[in-house]
Amino acid sequence: MKKLFENWRKHITEDAVPHSAHHIVKKMKETGKSAKETLKSLTTDLSDEEAERWLERHKDEMDSAKQDLASRQ
């Protein structure tokens with residue numbers, strides 16, 4: 001029963017609410033803008049440096065989102 005609950009929780013947290021990287025990648029595909037431009041357009045008062053740091057911290061999530069969206073098309 002414990003294993004079932006752990007799998008359920010993992011499924012809910014991973015699939016129910018995608019990481020913000022998925023949203024950014026989706027917008028990039030729609031607009032043709034770069035990741036940094038897209039991130040800045042989706043947030044307020046974000047400097048270039050902050051955007052670059054966010055993208056660096058979330059590089060793995062961005063790569064995963066790109067692969068995920070490519071596989072769905």
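Reader: Of the contacts in the chain between residues at least 6 apart in sequence, what share joins residues at least 24 apart?

Author: This is a predicted model, in which local features need pLDDT of at least 70 and side-chain atom pairs count only at pLDDT 80 or more, while totals for chains, interfaces and linings use all residues. Residues are numbered from 1 along each chain as its sequence is written, and side-chain values use heavy atoms, with hydrogens and water left out. A contact means heavy atoms within 4.5 Å. Among contacts in the chain between residues at least 6 apart in sequence, the share that joins residues at least 24 apart is 44%.

Reader: Which elements does the chain have, and in what order do they run?

Author: Helices (DSSP runs of H or I, at least four residues) and strands (runs of E, at least two) are numbered from the N terminus. The chain has five helices and zero strands. Read from the N terminus on, the order is therefore α-α-α-α-α.

Reader: How are α2 and α5 oriented to each other?

Author: Helix α2 (residues 20-31) and helix α5 (residues 59-72) pack with their axes 8 Å apart, at an angle of about 55°. Axes are lines fitted to C-alpha atoms, for helices over the stretch in contact, and angles run from 0 to 180 degrees between N-to-C directions. Angles under 35 degrees count as roughly parallel, over 145 as roughly antiparallel, 65 to 115 as roughly perpendicular and the rest as oblique. The orientation of α2 and α5 is therefore oblique.

Reader: Which classes of residue make up the contact of α2 with α5?

Author: In α2 the residues A21, H22, I24, V25, K26 and M28 meet E61, M62, A65, K66, D68 and L69 in α5. Ala, Val, Leu, Ile, Met, Phe, Trp, Tyr, Cys and Pro count as nonpolar, Asp, Glu, Lys and Arg as charged, and the others, Gly among them, as polar. By these classes the residues of the contact divide into seven nonpolar, one polar and four charged.

Reader: How is α3 oriented to α4?

Author: Helix α3 (residues 35-42) and helix α4 (residues 48-57) have axes 10 Å apart and pack at an angle of about 110°. That angle makes α3, relative to α4, roughly perpendicular.

Reader: Which residues of α3 and α4 make the contact?

Author: By class, the contact of α3 with α4 has five nonpolar, no polar and four charged residues. The residues that make this contact are A35, K36, L39 and K40 of α3, and D48, A51, E52, W54 and L55 of α4.

Reader: Is T38 buried or exposed?

Author: T38 lies in helix α3, and, leaving aside its neighbours within four places in sequence, T38 is in contact with I24, K27, M28, T31 and K33. Buried means under 20% relative accessible area, exposed over 50% and partly exposed in between (1.4 Å probe, protein chains only). With a relative accessible area of 1%, T38 is therefore buried.

Reader: How far apart in space are L42 and H23, C-alpha to C-alpha?

Author: L42 is found in helix α3 and, at 37% relative accessibility, counts as partly exposed. Leaving aside its neighbours within four places in sequence, L42 is in contact with H23, I24 and K27. L42 and H23 are 19 residues apart in sequence, and in space their C-alpha to C-alpha distance is 9.5 Å.

Reader: What is the phi of D45?

Author: Most residues other than glycine have a negative phi. D45 lies in the loop between α3 and α4 and is exposed, with a relative accessible area of 77%. Although D45 is not a glycine, its phi is positive, at about 55°.
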